[in-house]
Amino acid sequence: MNKRPHENRRFMVPKEIPMKAKEVLPTLLVPLLAVGAWFAVSALGLVPGYLLPHPLTVLDAGLHYIFGTPGTGAYGGRFLGDFSASLGRVLLGFSLAAALGIPLGILSGRLVLINRLASGAINSLRAVPGICWLPLAMIWFGIGIKTTVFLVAMAAFFPIYQNALTGARLVAPIYYQAGAMLGVSRFRGIFAILLPMAMPNIITGLRLGMGISWAYLVLGELTGVPNGLGAVIMDARMLGQIDIILVGIILIALIGRLCDRLLVALMRLCFKSARRQS
Amino acid sequence: MAAPAKGMTGDGAQPLLEIVGLSHSFAHHGAAHPVLRDLSLSLRSGELVCLIGRSGCGKSTLLKIVAGFIPPSRGHCLLAGRPITRPGPDRCVVFQEDALFPWLNVRENIAFGLAGKRLSRRERDREVDRFLELVGLRGYGEYLPRALSGGMKQRVALARVLILAPLILLMDEPFGALDAQTRDEMQELLLNLSQEREQTILFVTHDVQEAVTIADRVLLLERDCGQIREEIAIELDRPRDRSAQLFQRYCSRLHQELRQ
């Protein structure tokens with residue numbers, strides 16, 4: 001009881017995102033092994049180049065795609081334009097999904113009536129594979145940004161909704177009772193108690209939603225969009241440029257990971273309840 | 001059936017808490033399952049009353065009704081002459097389980113109830129400091145609840161309600177989950193605080209020794225009839241010596257009553 005606080009200081013701050021070499025190395029190990037295997041396969045000629053080009057060829061194509069002068073070759077220097085187009089679509093769709101999914105999920109988690117109204121329809125819709133929406137979206141919204149945003153929003157909505165619902169439902173009544181006796185009104189309790197308590201689940205939902213957003217982006221850009229990372233991949237397939245396809249895949253993987261990190265960092269920056277509970 | 005034991009108001013002053021003819025039942029498989037039946041009791045200001053009974057006798061239910069968490073099926077429940085209709089900061093609860101807000105540190109948990117009061121930041125900080133000191137948690141203000149031991153958590157829980165100066169403090173087996181050593185410490189802390197602040201306390205427990213250690217009066221709640229069956233004033237000087245013969249006699253009497 002009389003122990004000085006500094007002896008326990010390590011308990012005060014929740015663990016930071018792992019950054020130490022000891023923790024980073026295992027994370028990098030699998031990708032490094034995969035690249036190593038790729039080098040080996042190419043060097044030994046086990047797989048022909050038109051199926052899997054040499055890693056250095058892909059690296060070359062990637063550098064050209066990112067840093068090349070625009071206009072040189074089919075893909076020189078296109079990255080920035082494609083990236084910003086895709087990022088815009090993902091952010092728009094994702095924001096729509098979050099803006100609908102979180103409030104609706106919270107309401108469904110707390111109010112039986114809302115849950116009965118919403119969950120039947122939502123759960124049936126969730127069972128429909130994303131690709132089924134593509135033809136419909138193309139008829140509704142034509143070819144272009146609207147279709148992509150619709151698909152992204154549609155896909156990201158379900159995990160965000162479901163996790164917000166779970167989070168809201170799991171808040172034990174004792175916390176509302178504690179809040180009520182400390183003078184918190186029912187309305188203020190939503191922001192003072194419910195949302196902070198549900199925050200870990202909400203973040204899980206958002207991260208899943210963000211991940212699936214990038215998957216559906218490519219689906220949305222499959223058809224007739226002039227720019228975007230997904231469009232480049234489809235374009236390269238038509239032209240048989242497998243190196244660019246691989247560049248696109250790797251870039252989406254890296255950007256998706258980065259977005260996930262940024263999302264978590266942003267939530268932790270904005271909300272005490274995110275900082276201290278995850 | 002014997003007449004329900006009335007809380008002795010002694011000097012005839014108006015009791016702080018007055019419960020008259022309280023009944024409550026839970027719906028269970030469509031049938032009403034009575035827990036409390038025509039129960040009456042009263043608490044004077046500054047009194048520490050223990051409500052003791054075996055599990056399932058409805059003592060927690062009674063506390064929840066006084067707290068305003070559940071409305072009684074029938075009867076009156078008056079605090080300082082006014083009927084209790086909803087939870088409020090004049091009747092604060094210390095729960096058995098940990099009900100601190102996990103995303104707030106100790107300081108913020110203690111200051112939580114002050115949000116509704118118009119205090120400047122400096123005044124609020126000073127209040128929080130005072131109560132941290134009072135419950136013996138100086139230097140732990142920045143800790144998160146999950147870094148605290150069970151006893152320390154209950155100290156925070158105590159501080160966050162005492163800071164609101166409630167008319168009555170309701171405690172629902174608050175030390176039941178603590179080890180014996182910590183429980184003794186907490187009982188002592190509670191006694192000191194309640195005497196200093198003349199705090200009225202309704203304390204629910206199933207631990208006979210705890211009741212005899214802290215209570216001015218012990219009310220025995222009967223499981224089957226849902227009423228106060230016995231009322232025992234503990235006339236022992238404080239601090240109470242648990243090895244004293246009279247202390248033991250109170251304990252064995254309560255044990256016997258509980259067994260019946």
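This is a predicted model: local features need pLDDT of at least 70, side-chain atom pairs count only at pLDDT 80 or more; totals for chains, interfaces and linings use all residues.
B:Ala80 sits in the loop that links strand 4 (74-79) to strand 5 (82-83) of chain B. Its phi is positive, about 50°, even though B:Ala80 is not a glycine.

B:Glu198 is another residue with a positive phi of about 50° that is not a glycine. You'll find B:Glu198 in the loop between helix 5 (180-197) and strand 8 of chain B. With 9 other C-beta atoms within 10 Å, B:Glu198 is exposed.

## A cis bond

Next, have a look at the peptide bond between B:Arg238 and B:Pro239: this bond is cis, with omega at about -5°. B:Pro239 belongs to the loop between strand 10 and helix 7 (245-259) of chain B.

## The sheet in chain B

Chain B has an open sheet built from six strands, in the order 6-7-8-3-9-10, with mixed pairing. Strand 6 (91-94) and strand 10 (228-233) of chain B are at the edges; each has a single partner strand, so one side of each has no neighbour in the sheet. From one strand to the next, the twist averages 20°.

Within this sheet, strand 3 (residues 48-52) and strand 8 (residues 200-205) of chain B run parallel and are joined by five bridges. Opposite B:Leu51 you'll see B:Val204, in strand 8 of chain B.

In soluble globular proteins, nonpolar side chains tend to be buried together. Here, the largest nonpolar core has 137 residues, and those with the most contacts inside it include A:Val152, B:Leu51 and B:Phe203. Helix 6 (residues 145-170) of chain A provides the largest share of this core, at 15 residues.

What is B:Phe203 in contact with, leaving aside its neighbours within four places in sequence? Its partners are B:Leu48, B:Val49, B:Cys50, B:Leu51, B:Met171, B:Ile214 and B:Ala215.

## Where the chains meet

The contact between the chains takes 19 residues from chain A and 23 residues from chain B. On the side of chain A that touches chain B, helix 7 (173-181) and helix 11 (272-275) of chain A each supply at least two residues. Helix 7 of chain A gives the most to that side, with six residues. Sorted by class, the side of chain A that touches chain B has 11 nonpolar, five polar and three charged residues.

Note on methods: Residues are numbered from 1 along each chain as its sequence is written. Chains are lettered from A and ligands numbered from 1 in the order in which they are written. Two residues are in contact if their C-beta atoms, placed from the backbone, lie within 7 Å. Helices (H or I, at least four residues) and strands (E, at least two) are DSSP runs, numbered from the N terminus. Ala, Val, Leu, Ile, Met, Phe, Trp, Tyr, Cys and Pro count as nonpolar, Asp, Glu, Lys and Arg as charged, and the others, Gly among them, as polar. Two strands pair if DSSP finds at least two bridges between them. Axes are lines fitted to C-alpha atoms, for helices over the stretch in contact, and angles run from 0 to 180 degrees between N-to-C directions. A nonpolar core is a set of buried Ala, Val, Leu, Ile, Met, Phe, Trp, Tyr and Cys residues joined through C-beta atoms within 7 Å. A residue is buried if 20 or more other C-beta atoms lie within 10 Å of its own, exposed if 12 or fewer, and partly exposed in between; C-beta atoms are placed from the backbone.
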